[in-house]
Amino acid sequence: MADNKSKALKMIIAIVQRGKADEPVSAAIKAGAPAATVFFGRGQGMRERLGLLGLAVQPEKEIIFIIIEEWLVDQVLAAMVKAGRLDQTGIGFVFVVSVD
């Protein structure tokens, strides 16, 4: 096989504060993702009461879905984390799941 790139699909899911999806989405597309889907969500739980300094955390979130080939995951994920500052506490989080 001349092409060693995996054709397996993965989905990157990121959940960020409302209004903060543009940077990680733009970075993902520049890093090779063909497209992204962003929609609004609302979280509930203990965290909405335990924000920074005991202030309430806004429950409104933006959820980013990106489906890409497995060989692109590392570069797209790194670009999203850097652009969206997802390595900092309280900004959001990102994870990858297999697409069967």
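L9 stands opposite V99 in strand 4, a position that belongs to the antiparallel pairing of strand 1 with strand 4. The model described here is predicted. The protein contains two helices and four strands, and from the N terminus on these elements follow the order β-α-β-β-α-β.

**Overall make-up**

- Of the 100 residues of the protein, 29% count as buried.
- The accessible surface comes to about 6700 Å², and carbon and sulfur atoms account for 57% of that surface.
- Among contacts in the protein with a separation of 6 or more, 75% are between residues 24 or more positions apart.

**Strand pairing**

- Strand 1 pairs with strand 3 in the antiparallel sense, over nine bridges.
- Within strand 3, I64 is the residue opposite A14.
- Strand 1 also pairs with strand 4 in the antiparallel sense, over eight bridges.

**Nonpolar core**

- In soluble globular proteins, nonpolar side chains tend to be buried together.
- The largest nonpolar core of this protein has 17 residues.
- The residues with the most contacts inside this core are I64, I66, I68, V76 and M80.
- At least two residues of the core come from each of strand 1, helix 1, strand 3 and helix 2.
- I64, named above for its contacts inside the core, is also the residue that faces A14 across the strand pairing.

**Helix 1 and its surroundings**

- Helix 1 spans residues 22–30, and its buried residues are P24, V25, A27 and A28.
- Seen down the helix axis, these buried residues fall within an arc of 165°, so they line one face of helix 1.
- An α-helix has 3.6 residues a turn, so residues three or four places apart point the same way.
- D22 and K30, on the other side of helix 1, are exposed.
- The cover over the buried residues of helix 1 includes strand 2 (37–42), strand 3 and helix 2.

**The salt bridge**

- Side chains of opposite charge can pair when their charged atoms come close.
- One salt bridge is found in a search of the whole structure.
- The partners are E70 and K10, with their closest N and O atoms 3.8 Å apart.
- This pair links distant parts of the chain, the two residues being 60 residues apart. E70 is in the loop between strand 3 (60–69) and helix 2 (73–84), whereas K10 is in strand 1 (residues 9–17).
- E70 counts as partly exposed because its relative accessibility is 34%.
- K10 counts as buried because its relative accessibility is 18%, a value under the 20% limit for burial.

**R85 and its backbone**

- Most residues other than glycine have a negative phi, and most peptide bonds are trans.
- R85 is not a glycine, yet it has a positive phi of about 55°.
- R85 is placed in the loop between helix 2 and strand 4 (92–99).
- With a relative accessibility of 42%, R85 counts as partly exposed.

**F40 in strand 2**

- F40 is placed in strand 2.
- F40 counts as exposed because its relative accessibility is 52%, over the 50% limit.
- Apart from neighbours within four places in sequence, F40 is in contact with R18, K61, E62 and I63.
- The C-alpha atoms of F40 and G19 are 9.7 Å apart in space, and the two residues are 21 residues apart in sequence.

**G92 in strand 4**

- G92 is placed in strand 4.
- Leaving aside neighbours within four places in sequence, G92 contacts I15, V16 and L86.
- The C-alpha atoms of G92 and I63 are separated by 9.8 Å, and these residues are 29 residues apart along the chain.
- I63 is also one of the residues in contact with F40.

Conventions
Residues are numbered from 1 along each chain as its sequence is written. This is a predicted model: local features need pLDDT of at least 70, side-chain atom pairs count only at pLDDT 80 or more; totals for chains, interfaces and linings use all residues. Side-chain values use heavy atoms; hydrogens and water are left out. A salt bridge is a side-chain nitrogen of Lys or Arg within 4 Å of a carboxyl oxygen of Asp or Glu. Buried means under 20% relative accessible area, exposed over 50%, partly exposed in between (1.4 Å probe, protein chains only). The arc is that of the directions from the helix axis to the C-beta atoms. Contact means heavy atoms within 4.5 Å. A nonpolar core is a set of buried Ala, Val, Leu, Ile, Met, Phe, Trp, Tyr and Cys residues joined through side-chain atoms within 4.5 Å. Two strands pair if DSSP finds at least two bridges between them. Accessible areas come from the Shrake-Rupley method with a 1.4 Å probe; for residues, only the protein chains shown count as cover.
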